[in-house]
Amino acid sequence: MVSALCLIAFAVVLWVKQPLPIAVTSLIVVILLPILGLSESLNTAFAGYSNPSNFFVIASFGVAIAIRKTSVSGRILKRMLAMSGGKANRIVLAFMLLTYLLSTIMSDIAAVMIALAFAEGLLEGIDDAEQKKRFGRLLLLSLPLASIIGGTATPAGSTVNVMALNILSANTGIEVSFLHWCLLGLPVSLVMIFAAWFVLTRFYRAPDLSQAQAGAFLQKMDAAPPLKSEKMILGIVVLMVVAWIAGSWISALNTTTVAIIGLALMLFPGIQAFTWKEFKAGVPWEIFLMGGATVSLGTVAQQTGLVALLADTVQRNFTSINGPVLIVILGVMVTLVLLVIPVGPATVSMLTMPIYAMVSAIGLDPVMAVVTLGIFASNSTILPLNAVVLLSYTRGYWKISELARVGIVITVIWIALAALWIPAITAVLA
């Protein structure tokens, strides 16, 4: 047990500090498992890479590449911007809604990458340095927040969602459908996207754009011609969403299976949304390697009794609580863990089964708890320690303290909304 705990701590420190590339650290962690006697062989150590959530990551980036190459994102954004009248707050809301929509069906990182391309194009047209600084701060703070919130709406919105459900299924046989997750997560996320916009625009104000600035950006968006296969690509995306929903009744249509089939269709001759070379270049393979390593660490934590110890410790301290209190405890606990271990997959891998055991022991619905874990394991709204937030932070428009101010308020609202909604709808579904 001590060896397992030390190895997990070692992995987290290397992932956070990154003295080595994330991919290299992940492979080192896996090969250390049999060396330390925590795994029977190298074959079992690498078993984490067979987890379906890792292949969902690969497939979701393919979908993101295809959508990025179509004009649909630009057309949606253009329509919303045309209604903004150059008002800064309305423009930010348009960008947030676009990012939110994208992140419900793809990786949060991919959604932010698409939105950032548009945001930087808009900022390029602002010549006044002070206006650009203030508008850029507001806009680039909004994108990761919107992506994180949108990623909690559906199981397909984030890798950690798929990972949490796969771990639950593999260890308990409990299957959580696409629709079930949406009933718990979607209403909260819909309210949160507007709440986050409201909080952000009250903390940081930006000057409105002139008609010339807004018009120049809208004209620039018209320059890119649509792909010939655009309608077919969008048709595939719609079919994927329909299949995910149908998976609530057809077990074969799970999130990963549908994503991989969608990826294959997009590469099909006659559609070919992107080439294989583009796909290889567009997938962050280090995320796949880290995901497999975290699953293997989670398995070891369970086999060595670390999970049971943690579950027993938590259970003894919370023997009689109701649903809303449980959600508040989980929301606060996971958020605090992420401040120390800012790796969502690692958090989910280590906490899914302890939380399941604890909640089952006190007689509450474990699905409610595991979905809550998945939701808040994406909550990197306080510090820019997550790759989703770092993409925006590295552009230099905002400071860590500026994110923390709004992030704390947003997190408090988020936990409160989840505590009100998730137990209530769980009781209705029971």
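We start with salt bridges, meaning a side-chain nitrogen of Lys or Arg within 4 Å of a carboxyl oxygen of Asp or Glu. By that rule, the count comes to two salt bridges. A heads-up: this is a predicted model, where local features need pLDDT of at least 70 and side-chain atom pairs count only at pLDDT 80 or more, while totals for chains, interfaces and linings use all residues. Residues are numbered from 1 along each chain as its sequence is written, and side-chain values use heavy atoms, with hydrogens and water left out.

**Stop one.** Select Glu-120 and Arg-395: their side chains form a salt bridge at 2.8 Å, N to O. Glu-120 sits in helix H7 (residues 108–124) and Arg-395 in the loop between helix H20 (387–393) and helix H21 (400–429), so the pair ties together parts 275 residues apart in sequence. (Helices are DSSP runs of H or I, at least four residues, numbered from the N terminus.)

Buried means under 20% relative accessible area, exposed over 50%, and partly exposed in between, using a 1.4 Å probe and protein chains only.

**Stop two.** Now pick Glu-402 and Arg-137, whose side chains meet in a salt bridge of 3.2 Å, N to O. Glu-402 is in helix H21 and Arg-137 in helix H8 (residues 129–150), linking distant parts of the chain, 265 residues apart. Both Glu-402 and Arg-137 are buried.

**Last stop.** Select Leu-183, in helix H10 (residues 178–203). Leu-183 counts as partly exposed, at 34% relative accessibility.

Notes: Helix = DSSP H or I, 4+ residues; strand = E, 2+ residues; numbered from the N terminus.
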